[in-house]
Amino acid sequence: MHTDLSIWHALEDCRGPGLLVLTAPACGACRRLDRLLQSLDLSLPIIRANAERCGGLIEELEVFHLPAVFPVHAGEPGPPLQFELTAASLQGALQDAGLS
């Protein structure tokens, strides 16, 4: 997982579409999202960051709750995806964001 020191470089390296996923170790919904993402076998690069170690990113993106998922296009995070923690809802949000 990335920290404030490495996250911006990881975003810059993401030239095509991807996902930025912000989670925390003690967050139950975050663990559920991780399992959901693994089950979907997405072909997108997923940039994972520990929210507890990325205060600058959290502030920059105005994250108010976890987990937070942002589409990434050409290294730039877009608006956060809004979805329920189900495969169908996440896939719909990805499609709406132009990521599927």
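How many disulfides does the count come to? In this predicted model, the count comes to one disulfide. For anyone new to the term, a disulfide is a covalent bond between the sulfur atoms of two cysteines. Here the bond joins Cys-27 to Cys-30, with 2.4 Å from S to S. The torsion about that S-S bond is about 75 degrees, so the disulfide is right-handed. Cys-27 and Cys-30 are both buried.

Now Cys-14. Cys-14 is buried, with a relative accessible area of 6%. Cys-54 is in no disulfide either, and the cysteine sulfur nearest to it, in Cys-30, is 13 Å away. Cys-54 also counts as buried, at 0% relative accessibility.

The largest pocket holds about 230 Å³ of space. It is lined by 15 residues, and those closest to its centre are His-65, Pro-67, Ala-68, Pro-80 and Gln-82. By type, the lining has twelve nonpolar residues, two polar and one charged. Strand E3, residues 68-73, gives the largest share of the lining, with three residues.

Last, Asn-50, which is in strand E2, residues 46-50. Is Asn-50 buried or exposed? Asn-50 has a relative accessible area of 11%, and under 20% counts as buried, so Asn-50 is buried. Setting aside neighbours within four places in sequence, Asn-50 is in contact with Met-1, His-2, Thr-23, Ala-24 and Pro-25.

Note on methods:
Residues are numbered from 1 along each chain as its sequence is written. This is a predicted model: local features need pLDDT of at least 70, side-chain atom pairs count only at pLDDT 80 or more; totals for chains, interfaces and linings use all residues. Side-chain values use heavy atoms; hydrogens and water are left out. Helices (H or I, at least four residues) and strands (E, at least two) are DSSP runs, numbered from the N terminus. Buried means under 20% relative accessible area, exposed over 50%, partly exposed in between (1.4 Å probe, protein chains only). Contact means heavy atoms within 4.5 Å. On a 1 Å grid over the protein atoms alone, a cavity is a set of points where a 1.4 Å probe fits but cannot get out, and a pocket is an open set with protein on both sides within 12 Å along at least five of seven lines; lining residues have an atom within 4 Å of a point. Grid points are joined across faces, edges and corners, and a volume is the space filled by probe spheres set on the points. Ala, Val, Leu, Ile, Met, Phe, Trp, Tyr, Cys and Pro count as nonpolar, Asp, Glu, Lys and Arg as charged, and the others, Gly among them, as polar. A disulfide is a pair of cysteine sulfur atoms within 2.5 Å.
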